[in-house]
Amino acid sequence: MNQNTPLSPRLPRLPLHPEDVAHRVLSAAQLRARGVSAAQTSAQCLPGGPWQHLLPGVYLLHPGPPTGRERLHGALLYAGRPPASARRAPAGPADAGYGESMVTGVAALALYGFASVGDVEALHRIDVLVPRTRRLRSTRFVEVVRAASMPRAVRVGELPVAPVERALADAVAGTVDAACVRRLLTEAVRDRHCEPAAVVRELSEAKLLGRPAVVGAVDALLAEGRAVAEARLYAMVREHGLPEPLWNVELRLPGGLPLGGVDAFWPDQAVAVELDARAPRYGAPGRRGRAEEDPQWSAYAAKRERLERLGITVVHLSPRKLREAADQQATVVRTALMAAADREPAAYVMVLPR
């Protein structure tokens, strides 16, 4: 007997495809939609039978141990089942059965390919994100995580998965190991899964920034984000044929008064580029603080005003813009360089390495 063999003359023939997880793991509602009664399902799950009761209301249609993908699919079916009051509504045969649920935490990071969390097959626990109003308990290998506001799921293969920054926050919430938190956050930025600002925002909303395991890791995250943004800036200048600037310099007036550092400077055109790689700041939980309440932003604005009074054009670039629209940002810098011929000469400034 194999997985495609009808299990009983009284059972409808089910399309069990060994390569298709969605046909090896089905919910009770999906089995009913395929003509399998509750009594028939129970009979198939008796000791020594060909099926298994994987999770409440979820069945594995073969006798062997579940694979990692089968456990993920089963976790989503369990978390996505409708409330008891709505379970009488029949499910269509093609209904995925996930509802609003999505994979989050370490399991989601494994699906995104994070090297620091290992393979999907090695997962001992699967976190599943559901709306806060769902009455659903964690069970066996499934950990239910509730959200006041559900994010938009990302499809990884056939599975709905929380965005990387939300999955990171849920993974961090489940560990007190500072080294592990640092590895996760650093890999997220180094391998370009997401931007530091998005991660810090999610950690802030989850009220995790004050945890001892997170404080130092956020500093490492921002440093990694800064390095990645600088590498993107170098690549943008060279790949788009911009003149080579003076990199990472300090500007001063001839008398020695410091004007501040910039990431790139074209002295002949008096154009400076500055990366906005600040740590995000927030006011009330879940809300971004106003820019004028951010002393770091105030320092940025004051430096820009000083330089522009001296005739130096300052171009602000964000890591996100460099990542998503490098062509557009190169055009902005090129335009500033070309416009130098039409401006009054800038004041003389000293340029020092920093």
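The model is predicted, so to speak of local features takes pLDDT of at least 70 and side-chain atom pairs count only at pLDDT 80 or more, while totals for chains, interfaces and linings use all residues. Residues are numbered from 1 along each chain as its sequence is written, and side-chain values use heavy atoms, with hydrogens and water left out.

Lysine 303 has a charged partner. Glutamate 274 forms a salt bridge with lysine 303, with 2.4 Å between the closest N and O atoms; a salt bridge here is a side-chain nitrogen of Lys or Arg within 4 Å of a carboxyl oxygen of Asp or Glu. This pair ties together distant parts of the chain, as glutamate 274 sits in strand 11 and lysine 303 in helix 9 (residues 295-309), 29 residues apart. Glutamate 274, at 5% relative accessibility, counts as buried.

Buried residues make up 44% of its 354 residues. The accessible surface comes to about 18200 Å², and 53% of that belongs to carbon and sulfur atoms (Shrake-Rupley method, 1.4 Å probe; for residues, only the protein chains shown count as cover).

Now for the inside. The largest nonpolar core has 56 residues, and Phe114, Leu168, Leu185 and Leu203 have the most contacts inside it. Such a core is a set of buried Ala, Val, Leu, Ile, Met, Phe, Trp, Tyr and Cys residues joined through side-chain atoms within 4.5 Å. Helix 8 (residues 212-239) gives the most to this core, with seven residues. A second, separate core of 18 residues includes Leu242, Val273, Ala336 and Leu337. Leaving aside neighbours within four places in sequence, phenylalanine 114 is in contact (heavy atoms within 4.5 Å) with residues including Val164 and Leu168.

Helix 5 (residues 164-173) is mostly covered, with eight of its 10 residues buried. Among them are Arg166 and Asp170, and these two form a salt bridge with the closest N and O atoms 3.0 Å apart. Aspartate 170 and arginine 166 are four residues apart in helix 5, so about one helical turn separates them.

Then there is an open sheet of five strands, in the order 12-11-10-9-13 and with mixed pairing; two strands pair if DSSP finds at least two bridges between them. Strand 12 (313-317) and strand 13 (350-353) stand at the edges with a single partner strand each, so one side of each is left without a neighbour in the sheet. Strand 9 (residues 246-252) and strand 10 (residues 258-266) run antiparallel and are joined by six bridges; leucine 246 has phenylalanine 265 in strand 10 as its bridge partner. Helix 8 packs on the sheet, touching strands 9, 10, 11 and 12, and its direction makes about 145° with that of strand 11. Helix 11 (residues 326-338) lies across strands 10, 11 and 12, running at about 180° to strand 12. Axes are lines fitted to C-alpha atoms, for helices over the stretch in contact, and angles run from 0 to 180 degrees between N-to-C directions.

The structure holds 14 salt bridges. A network of them links Arg226, Glu230, Asp263 and Arg354.

Terms used: Buried means under 20% relative accessible area, exposed over 50%, partly exposed in between (1.4 Å probe, protein chains only). Helices (H or I, at least four residues) and strands (E, at least two) are DSSP runs, numbered from the N terminus.
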